[in-house]
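The sequence and structure come first.

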Protein chains: 2
Amino acid sequence: MTLDYKDKKVIGIGIISELTGLTERQIRYYEERKLIFPERSNGGTRKYSFADVERLADIAEKMEDGMQTFEIRKEEMKRSDVRDKMLKGQLNAAFRMRK
Amino acid sequence: MTLDYKDKKVIGIGIISELTGLTERQIRYYEERKLIFPERSNGGTRKYSFADVERLADIAEKMEDGMQTFEIRKEEMKRSDVRDKMLKGQLNAAFRMRK
DNA sequence: CGTGTAAGGAATTCTGACACG
DNA sequence: CGTGTAAGGAATTCTGACACG
């Protein structure tokens, strides 16, 4: 079975900004905070998927509710696949930043 | 019901070129010959959908078989979905004129 | 912390034209 | 006809930094 269109990283940040209503600044910041993981073209431009659009909508909603990025990341990390990889490094880093 | 991701015009020509294996020159030419209809950003850059990717793959195959662009266009026009779209467009136009 | 913005540069895309065949 | 290419310009995106709060 082929890869679903939903997960193909083919959309530039400008379109993502339009689709989500978020500014490019916000979108890049959420990446910096490890909430989303776009791919890159050879030249370095970010490429997103429709799944990312949905995720960003989810992130935006939580931000509006006053949640902070590290809290959102923690919540996402409860999913088993990502947890093993990132729990140690990033969660500890997030913890240190709070102090 | 919301619009399927497959039909959203959100992909730049560079990615389309990668996905289809066609050059940008070819893709723009097929547009000139009315085989595909990308949307445009405010700045004028072309935006395509995954459906366009499939259509381009179909066009590429026919071109390899020696078919010419006008033949492909004629063939496309026979397809019911396109006919329906044109019909609907005419009806809409007629309806607008009556108002 | 999360976001806006100005800055300078690099990557991307655009059009119209010339070439070949 | 269909496609390659060089040209010049415009739109898009990138990073790092400063600002505010």
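## Contacts with DNA strand C

A polar side-chain atom of A:Y30 lies 2.9 Å from a phosphate oxygen of DNA strand C. The model is predicted, so local features need pLDDT of at least 70 and side-chain atom pairs count only at pLDDT 80 or more, while totals for chains, interfaces and linings use all residues. Residues are numbered from 1 along each chain as its sequence is written, chains are lettered from A and ligands numbered from 1 in the order in which they are written, and side-chain values use heavy atoms, with hydrogens and water left out.

DNA strand C is surrounded by 22 residues, and the closest are A:T23, A:Y29, A:R33, A:T69 and B:R46. Here a residue is near a strand if one of its heavy atoms lies within 4 Å of it. Of the atoms of DNA strand C that come within 4 Å of the protein, 79% belong to sugar and phosphate.

| Residue | DNA strand | Distance |
|---|---|---|
| A:Y29 | DNA strand C | 2.7 Å |
| B:R46 | DNA strand C | 2.2 Å |
| A:R40 | DNA strand D | 3.0 Å |
| A:R46 | DNA strand D | 2.2 Å |

At least two residues of the surface near DNA strand C come from each of α2 (24-32) of chain A, α1 (13-20) of chain B and α2 (24-32) of chain B. Helices are DSSP runs (H or I, at least four residues), numbered from the N terminus. α2(A) gives the most to this surface, with 4 residues. By residue class, the surface near DNA strand C has 5 nonpolar, 11 polar and 6 charged residues. Ala, Val, Leu, Ile, Met, Phe, Trp, Tyr, Cys and Pro count as nonpolar, Asp, Glu, Lys and Arg as charged, and the others, Gly among them, as polar.

## Contacts with DNA strand D

Around DNA strand D there are 21 residues, the closest being A:R28, A:R46, B:T23, B:Y29 and B:T69. Sugar and phosphate make up 80% of the atoms of DNA strand D that come within 4 Å of the protein. A polar side-chain atom of B:T23 is 2.7 Å from a phosphate oxygen of DNA strand D.

## The interface of chains A and B

Chain B and chain A each bring 10 residues to their contact (heavy atoms within 4.5 Å). Together they bury about 1,100 Å², 75% of it on carbon and sulfur atoms; buried area is the accessible area (1.4 Å probe) that two parts lose on being put together, summed over both. In chain B, B:Y5, B:V10 and B:F50 lose the most area to chain A, together 58% of what that side buries.

Between the chains, 2 residue pairs are in polar contact, both at pLDDT 80 or more. The side of chain B that touches chain A holds 6 nonpolar, no polar and 4 charged residues.

Key. A polar contact is a pair of N or O atoms within 3.5 Å; within protein, one must be able to donate a hydrogen and the other to accept it, and residues adjacent in sequence count only if both atoms are side-chain atoms.
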